[in-house]
Amino acid sequence: MIRKPLLILALAVFATTTSLFAHSVWIEPTEENQIVIRFAEPSGNLERSPGHLDSLSVPMTAQTVPATTNAPTPLSVAKKSDHFLIAGASPTNIVCAETSFTVRAKRKPLFYARWQPTGAGAGKPLLTLDLVPTGKPGEARLYLRGKPHGSVKATLMTPSGDEKEFTADAEGYIRVPTTEPGQYLLTVAHQREPLAGFHEGVAYEQTSHNCSLAWEQVSAKN
């Protein structure tokens, strides 16, 4: 499990009456080998229900990609006290999910999350904004609507809790060091588009895309 101090990187900024809260949506396995979706602040305080966890859209879209078929299979998601449980998902399969938050400052935040199991190899785009592993240690490629999306900042949270910033090259490749075993979280935030619409009767003028990639490094790699 990715521990609370290293889980979080800002994927969207939400206005409240007194301050701004930076939150992430990510996927992780539990000690019981279940796959869950988390939502939290950089402090590591998990959002709960009742509370801000209820502001994420339900039902969520989740899918798993078994290595035997390499074809996405939809899964159901159930809200619990401090997470969303993805029923039937296995830590040994690629798992993706997408959700959204309520409108803030005339902006609609959308979240995309991917879990990459050990040894899964190269992936393919499955989400609107997607950090896709290339199969090389510490390397992923960022896609927006299936096309490489370059020159974008990303943040890596290491197993020891260090936060490091990287920039995708012009072709969307992001290369990070994986010099210690454990779970890593790579995120890209605030890719905004002038896409207007309504959510639950509230108008918004911009759409904000945010994504995360979580994986476990079994042994240290350069």
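Glu 139 is buried, with a relative accessible area of 10%. Here buried means under 20% relative accessible area, exposed over 50% and partly exposed in between (1.4 Å probe, protein chains only). The model is predicted; local features need pLDDT of at least 70 and side-chain atom pairs pLDDT 80 or more, while totals for chains, interfaces and linings use all residues. Residues are numbered from 1 along each chain as its sequence is written, and side-chain values use heavy atoms, with hydrogens and water left out.

Glu 139 forms a salt bridge with Arg 175, at 2.7 Å from N to O. Arg 175 belongs to strand β15 (residues 173-175) and Glu 139 to strand β11 (residues 139-144), so the bridge ties together parts 36 residues apart in sequence. Arg 175 is partly exposed, at 49% relative accessible area. A salt bridge requires a side-chain nitrogen of Lys or Arg within 4 Å of a carboxyl oxygen of Asp or Glu. Strands are DSSP runs of E, at least two residues long, and helices are runs of H or I, at least four; both are numbered from the N terminus.

The structure holds 10 salt bridges. Another of them pairs Arg 114 with Asp 130, again at 2.7 Å from N to O. Arg 114 sits in strand β9 (residues 107-116) and Asp 130 in strand β10 (residues 129-133), so parts 16 residues apart in sequence are tied together. Both residues, Arg 114 and Asp 130, are buried.

Asp 82 pairs with Arg 48, with 3.8 Å between the closest N and O atoms. This pair links distant parts of the chain, 34 residues apart: Asp 82 lies in the loop between β6 (77-79) and β7 (84-86), Arg 48 in the loop between β3 (35-40) and β4 (61-65). Asp 82 counts as buried, at 15% relative accessibility. Arg 48 is partly exposed, at 43%.

Nonpolar cores were defined as sets of buried Ala, Val, Leu, Ile, Met, Phe, Trp, Tyr and Cys residues joined through side-chain atoms within 4.5 Å. The largest has 25 residues, and those with the most contacts inside it include Val 25, Ile 27, Ile 35 and Leu 56. Two or more residues each come from β2 (20-29), β3, β7, β8 (94-100) and β9. Strand β3 gives the largest share, four residues. Apart from this core lies another, of 23 residues, among them Val 65, Leu 127, Leu 156 and Tyr 184.

Phe 84 lies in strand β7. Phe 84 is buried, with a relative accessible area of 1%. Its contacts include Ile 35, Ile 37, Leu 56 and Val 77. Between Phe 84 and Leu 56, 28 residues apart in sequence, the C-alpha to C-alpha separation is 10.0 Å.

Of its 20 lining residues, Lys 136, Pro 137, Gly 138, Trp 215 and Gln 217 are the closest to its centre. Strands β11 and β19 (206-217) each give two or more residues to the lining. The most come from β19, with four. The lining divides into nine nonpolar, seven polar and four charged residues. Ala, Val, Leu, Ile, Met, Phe, Trp, Tyr, Cys and Pro count as nonpolar, Asp, Glu, Lys and Arg as charged, and the others, Gly among them, as polar. A pocket is an open set of points on a 1 Å grid over the protein atoms alone, where a 1.4 Å probe fits, with protein on both sides within 12 Å along at least five of seven lines; lining residues have an atom within 4 Å of a point.

Key. Contact means heavy atoms within 4.5 Å. Lists of a residue's contacts leave out its neighbours within four places in sequence.
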